[in-house]
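Please examine the sequence and the predicted model shown here. The briefing that follows is grouped by topic and written for a reader who is new to protein structure.

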Amino acid sequence: ELCNAAGPYILVESSLAAMKMLAEDYRKSLDIKVVGITGSVGKTSTKEMIASVLAQKYNVLKTEGNFNNEIGVPLTLLRIRRDTEVAVVEMGISDFGEMHRLSRMVRPNVCVITNIGQSHLNHLIDRDGILRAKSEIFDYMAEDGQICLNGEDDKLAPLEEIKGRRTHFFGLGGNPREEVSMAEIQGRGLWGSDAVLVMGGEDSGALHAEQERVHIPLPGEHMVLNAAAAACVGKVLGLTPEEIRAGLADVSAVSGRTNIIRTTHYTVIDDCYNANPASVKAALELLAMADTRKVAILGDMLNLGEESDRYHEESGRQAASLGIDHLVCVGEESRHMFRGAREQGHEQIRISWFPDAEAVLAALETDCGGLIPEGSSVLIKASHDMRFAKILDQVLAR
């Protein structure tokens with residue numbers, strides 16, 4: 001039945017299907033390079049680093065915000081203009097078949113997988129399932145496609161060749177096949193890391209590797225690994241070590257993704273966009289670098305399937321073992337986090353539990369200083385549906 005539209009229109013059975021078809025057709029018409037990025041952890045930070053590096057040589061368009069699914073990806077592709085030389089597209093999934101559909105639209109010239117961790121286990125079951133689902137990115141890879149994989153990841157390191165193409169590995173020097181790696185890493189606390197970028201030849205064991213001292217302004221060793229991924233893509237697309245160095249130095253954090261904010265009263269680690277076991281571990285290790293009192297406000301990690309209780313308990317144990325002063329657990333699943341921290345047996349850690357974000361907001365309203373003492377470094381992290389942005393806003397408003 002035709003609708004009573006005020007002007008001309010095209011009637012389709014599904015607006016989503018039509019948008020994806022338009023994006024796919026538009027992508028086919030473009031003579032540009034597209035970098036497709038997926039992985040369990042670090043997609044957005046790696047996307048930002050890759051875009052910053054490539055911008056030293058090319059006109060770059062990148063995924064904005066969290067537009068990485070079957071709605072966001074076609075919208076990103078349809079933003080590409082004729083003067084765009086490289087598009088950097090983040091691709092996120094939660095089930096089998098999704099990456100296949102994304103890849104059909106994106107048709108990446110460079111495929112990047114950051115890692116295979118524990119996320120969306122309610123559908124993908126285990127890490128082998130996650131690997132199979134993420135590997136669907138290669139289904140519509142361009143004929144001249146290049147592949148950049150994390151050589152430190154046990155599931156990715158064996159993949160030396162995919163669809164007849166040799167893999168470019170990146171890492172921290174833990175795999176001799178790494179073509180691009182970071183060495184002599186020196187942490188600068190919450191303010192980033194210094195390292196030596198090592199770029200080998202076509203054979204990763206080349207004797208005459210190029211080296212360049214670089215600064216990664218985002219904190220944590222996991223960010224150094226993300227920087228290695230960006231350097232690998234830069235190398236594949238013809239950038240010099242000097243251009244890669246400049247691009248890494250220019251990168252800035254995305255709101256909700258390990259964004260360090262210094263206020264009058266606190267140093268805040270804004271990592272409230274999402275959470276899974278690997279990213280929580282990395283965030284806790286980052287908080288542990290602070291030379292102040294350390295407060296972690298952690299909420300439920302959702303979609304972890306049958307092993308959810310164990311993963312939350314392990315996160316609690318990690319917080320206790322890393323010397324966090326006050327662990328604030330929020331949500332029903334985080335009861336297991338509370339128990340894990342308590343059972344770790346470190347008397348110096350204070351542990352609190354709240355049923356939801358609203359309860360934390362009420363506590364901050366009545367006694368913010370009691371929950372987060374003046375001068376503390378505070379980590380705020382949970383799955384997106386826990387709505388921790390409200391907690392972040394209240395802490396920043398103090």
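C368 is a buried residue of this predicted model, with a relative accessible area of 11%.

**Cysteines and disulfides**

- A search of the whole structure finds 0 disulfides.
- C368 takes part in no disulfide, and the nearest cysteine sulfur, that of C272, lies 16 Å away.
- C232 is likewise buried, at a relative accessible area of 1%.

**Nonpolar cores**

- The largest nonpolar core contains 57 residues, and F138 and L327 are those with the most contacts inside it.
- Helix 9 (residues 277–288) provides the largest share of this core, namely 5 residues.
- When neighbours within four places in sequence are left aside, F138 is in contact with C111, I113, I147, L149, I162 and K163.
- I147, one of these contacts of F138, is found in strand 5 (residues 146–150).
- Is I147 buried or exposed? Its relative accessibility is 0%, so I147 counts as buried.
- Residues up to four places away in sequence not counted, I147 touches C111, F138, M141, I162, R165, T167 and H168.
- From C-alpha to C-alpha, I147 and L396 are 41 Å apart in space, and 249 residues separate them in sequence.

- Strand 14 (residues 326–330) is mostly covered, as 5 of its 5 residues are buried.
- The side chains in a regular strand alternate between the two faces of the sheet.
- In strand 14, H326, V328 and V330 point one way, L327 and C329 point the other way, and all are buried.
- Which elements make a right-handed β-α-β unit? They are strand 13, helix 10 (residues 308–321) and strand 14.

**Positive phi angles**

- R107 is a residue other than glycine with a positive phi, near 45°.
- R107 is found in the loop between helix 4 (98–106) and strand 4 (110–113), and at 22% relative accessibility this residue counts as partly exposed.
- R387 is not a glycine either, yet its phi is positive, at about 60°.
- R387 lies in the loop between strand 16 (377–381) and helix 13 (389–397), and its 57% relative accessibility makes it count as exposed.

**Salt bridges**

- Side chains of opposite charge can pair when their charged atoms come close.
- How many salt bridges does a search of the whole structure find? The search finds 29.
- K47 and E48 meet through their side chains in a salt bridge of 2.8 Å, N to O.
- K47 is buried, at a relative accessible area of 1%, and E48 is buried as well, at 10%.
- A salt bridge of 2.8 Å, N to O, also joins the side chains of R310 and E314.
- R310 and E314 are separated by about one helical turn, because they are 4 residues apart in helix 10.
- R310 counts as partly exposed at 37% relative accessibility, and E314 counts as partly exposed at 33%.
- E374 and R398 meet in a salt bridge between their side chains, at 3.2 Å, N to O.
- This pair links distant parts of the chain, 24 residues apart: E374 is in the loop between helix 12 (357–371) and strand 16, while R398 is in the segment after helix 13.
- R398 counts as partly exposed, at 36% relative accessibility.
- A network of salt bridges links E24, K28, R104 and R107.

Note on methods:
Residues numbered from 1 in each chain as written. Predicted model: local features only at pLDDT ≥ 70, side-chain atom pairs only at ≥ 80, totals over all residues. Heavy atoms only, no water. Disulfide = S-S within 2.5 Å. Buried < 20%, exposed > 50% of the residue type's maximum accessible area, 1.4 Å probe, protein only. Core = buried A, V, L, I, M, F, W, Y, C linked by side-chain atoms within 4.5 Å. Helix = DSSP H or I, 4+ residues; strand = E, 2+ residues; numbered from the N terminus. Contact = heavy atoms within 4.5 Å. Right-handed = clockwise from strand over helix to strand, strands pointing away. Salt bridge = Lys/Arg side-chain N within 4 Å of Asp/Glu carboxyl O.
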